[in-house]
Amino acid sequence: MALTTSTMLPLGTKAPDFNLPEVVSGRTTTLATFADKKALLVMFICRHCPFVKHVQQELAQLGKDYFTSDLAIVAISANDAKNYPDDAPESLKAFATEQGFTFTLCYDETQETAKAYTAACTPDFFVFDAERKLVYRGQLDDSRPSNGKPVTGADLRAAIDAVLANKPVTDEQKPSVGCNIKWKPENAPSYFG
């Protein structure tokens, strides 16, 4: 496990489009799938990472808390399923069911979507406004598996709530920290390592 931080994609960046299968239903999901929502949260997660396991209940709660709001949530797993079978689509489907995820969970087999977002770690979070411009990228909160701080989702929730209330999101954003995305052999992006 390589401890990795977010790349901190420049604020204002337009959300890259994607075309990915949703692991529970098998339906194709694209950026346009969420066009009717005021805000979009894109999360890069996986099943096996201890950093994701540490926050998985909060991720499920986020989905429930914002389910009827004007926020769309899509989670994407881009890990190499051959070397990390826990992150293969069938396993991710079971993960989504076990955790009670109310949001879309997609699998990025080519890892091109992860690269387009400069996703670096799991978990990695990106919040986009109504124009699909990036207004937040960074951590869920200050909690880590070994620091004893409670998982609250405070940083991410504050950003989401600001967007939904038509208020500016603070520029003081801390990078997320987690396991590196498990790139396929010879497929790691230039920003990795």
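Biologist: Before we start, which pLDDT do local features need here?
Modeller: Residues are numbered from 1 along each chain as its sequence is written, and side-chain values use heavy atoms, with hydrogens and water left out. This is a predicted model, where totals for chains, interfaces and linings use all residues, side-chain atom pairs count only at pLDDT 80 or more, and local features need pLDDT of at least 70.

Biologist: OK, what is the strand order in the open sheet of 5 strands?
Modeller: Strands (E, at least two residues) and helices (H or I, at least four) are DSSP runs, numbered from the N terminus. Two strands pair if DSSP finds at least two bridges between them. The pairing in this sheet is mixed, and the order is β6-β5-β4-β8-β9.

Biologist: Why is one side of β6 and of β9 left without a neighbour in the sheet?
Modeller: Look at the edges, where β6 (104–107) and β9 (134–138) stand.

Biologist: Which strands does helix α4 lie across?
Modeller: Helix α4 takes in residues 154–164 and runs at about 10 degrees to β8. Axes are lines fitted to C-alpha atoms, for helices over the stretch in contact (heavy atoms within 4.5 Å), and angles run from 0 to 180 degrees between N-to-C directions. The strands it lies across are β4, β5, β8 and β9.

Biologist: Which residues of α4 are buried?
Modeller: Buried means under 20% relative accessible area, with exposed over 50% and partly exposed in between (1.4 Å probe, protein chains only). The buried residues of α4 pack against β4, α1, β5, β8 and β9. They are L156, R157, A159, I160, A162 and V163.

Biologist: What about the open sheet of 3 strands, which helix lies across β1, β7 and β10?
Modeller: The order there is β1-β10-β7, with antiparallel pairing. β7 and β10 (residues 177–180) pair over 2 bridges, and C121 stands opposite N180 in β10. The helix runs at about 130 degrees to β10, covers residues 50–65, and is α1.

Biologist: How much space lies in the largest cavity?
Modeller: On a 1 Å grid over the protein atoms alone, a cavity is a set of points where a 1.4 Å probe fits but cannot get out. Grid points are joined across faces, edges and corners, and a volume is the space filled by probe spheres set on the points. The structure holds 1 cavity of 30 Å³ or more. The space in the largest cavity is about 90 Å³.

Biologist: Which element gives the most to the lining of that largest cavity?
Modeller: Lining residues have an atom within 4 Å of a point. The largest cavity is lined by 13 residues, and among those nearest its centre are V55, P123 and S143. With 3 residues, the element that gives the most is α1.

Methods:
On a 1 Å grid over the protein atoms alone, a cavity is a set of points where a 1.4 Å probe fits but cannot get out, and a pocket is an open set with protein on both sides within 12 Å along at least five of seven lines; lining residues have an atom within 4 Å of a point.
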